[in-house]
Amino acid sequence: MATRKTSTDDLLAPVTLAVGQEELLLDRAVREVVAAARAADPDTDVRDLTADQLQPGTLAELASPSLFAERKVLVVRNAHDLSADTVKDVKAYLDAPAEEITLVLLHAGGAKGKGLLDAARKAGAREVACPKTTKPAERLTFVRQEFRTLGRSATPEACQALVDAIGSDLRELASAVAQLTADVEGTIDEAVVGRYYTGRAEASSFTVADRAVEGRAAEALEALRWSLSTGVAPVLITSALAQGVRAIGKLSSARGGRPADLARELGMPPWKIDRVRQQMRGWTPDGVALALRAVAEADAGVKGGGDDPEYALEKAVVAVARAARMRR
């Protein structure tokens, strides 16, 4: 959970200010507000806008009373990038927010756009801190909080083992915690984490992912069938595929540099930077997007959304391998 910096806990406060650069926490801040609004009114109208979509006059138009007096949630992402004229509109709105409307401003928190940040705070906006986690101890605290939020108990050794196995990506850590709490009864200990994320299961699931992101469909399918025949959980395979594709996307959009510099920037070990660099040949931004959608569909399929988890995985593996060859 993101840490609130103000005493208010009113999810339907007129203005919520989510400050920071951790995408998972920013998305959660938005989801919490939307969920609260829809609990109050199932017909809540949600508008999710980027900074360039909020032009001068747009906010006034969106916040104007509707014929049916419906509740609205207006989300503005990258509010620090708003134009000067639009910032004037937002500041004016902060002085007199409309009823039945919740404005959610996502701001990086730096010097850019600080005037809007200060104005929102001065207006008494509910604030949610979404800082980037940069230290292992912070990630460990995050994992412990995830288990507590889900009402489950995990030993300190299990939490540390999970951080060591997964790395610095909070989305993947949160996904791993959710998976363990869904699959395992009782206290989660280091042995459980080891069974899921280290040893033979980890090796086989990541072999499937490596072959797929390299565009080697036949070898990926062979590794997939072997993994399933030896009892590897399908969710481990979709998790490995997701991690593989995300790593391609992260590195392809990062600035060039030495592996050590990129490792610090992206939260990956240097050896993985070198491996992903070799794997990303042939990938395009469209290919990454297609592959992520395919993995998301497979993940839903293996978690009960489909009748045949094995088919869902095979379909995803083929889709990822094809996406890897779009530029070839």
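Trainee: What share of the residues in the protein chain is buried?
Mentor: Buried residues make up 46% of the 328 residues. Buried means under 20% relative accessible area, exposed over 50%, and partly exposed in between, with a 1.4 Å probe and protein chains only. This is a predicted model, in which local features need pLDDT of at least 70, side-chain atom pairs count only at pLDDT 80 or more, and totals for chains, interfaces and linings use all residues. Residues are numbered from 1 along each chain as its sequence is written, and side-chain values use heavy atoms, with hydrogens and water left out.

Trainee: How many helices and strands are there?
Mentor: The protein chain has 15 helices and 6 strands. Both are DSSP runs numbered from the N terminus: helices are H or I with at least four residues, strands are E with at least two.

Trainee: And contacts, what percentage join residues at least 24 apart?
Mentor: 75%, among contacts between residues at least 6 apart in sequence. Contact means heavy atoms within 4.5 Å.

Trainee: Let's take α7. What is its reach from first C-alpha to last?
Mentor: Helix α7 covers residues 170–183, 14 residues in all, and reaches 20 Å, close to the 20 Å expected at 1.5 Å a residue. The expected span is 1.5 Å times one less than the number of residues.

Trainee: Which of its residues are buried?
Mentor: In α7 they are L170, E172, L173, A174, A176, V177, Q179, L180 and T181.

Trainee: What covers them?
Mentor: The cover includes α1 (23–40), α5 (136–149), α6 (156–166), α8 (190–197) and α11 (234–253).

Trainee: Stay with α5. At what angle does it pack on α7?
Mentor: About 35°, with the axes 10 Å apart. Axes are lines fitted to C-alpha atoms, for helices over the stretch in contact, and angles run from 0 to 180 degrees between N-to-C directions. On the α5 side R139, F142, V143, E146 and F147 meet L170, L173, A174, V177, L180 and T181 in α7.

Trainee: Is that crossing left-handed or right-handed?
Mentor: α5 passes α7 in a right-handed crossing. A crossing is left-handed if the near helix is turned anticlockwise from the far one by less than a right angle, and right-handed if clockwise.

Trainee: L170 keeps turning up. What does it touch?
Mentor: E22, L24, T133, R139 and F142, not counting residues up to four places away in sequence. L170 and F142 are 28 residues apart in sequence and 8.1 Å apart in space, C-alpha to C-alpha. L170 counts as buried because its relative accessibility is 2%.

Trainee: New topic: where is L54?
Mentor: L54 is in the loop between β3 (45–49) and α2 (58–63).

Trainee: Buried or exposed?
Mentor: L54 is buried, with a relative accessible area of 2%. It touches L49, L59, V76, L82, T86 and V90, leaving out residues up to four places away in sequence. L54 and L82 are 7.5 Å apart, C-alpha to C-alpha, and 28 residues apart in sequence.

Trainee: How do α10 and α15 run relative to each other?
Mentor: Roughly antiparallel. The axes of α10 (residues 217–229) and α15 (residues 309–323) come within 9 Å and cross at roughly 155°. Angles under 35 degrees count as roughly parallel, over 145 as roughly antiparallel, 65 to 115 as roughly perpendicular and the rest as oblique.

Trainee: Which residues meet there?
Mentor: A217, A220, L221, L224, R225 and L228 in α10 meet E310, L313, E314, V317, V318 and A321 in α15.
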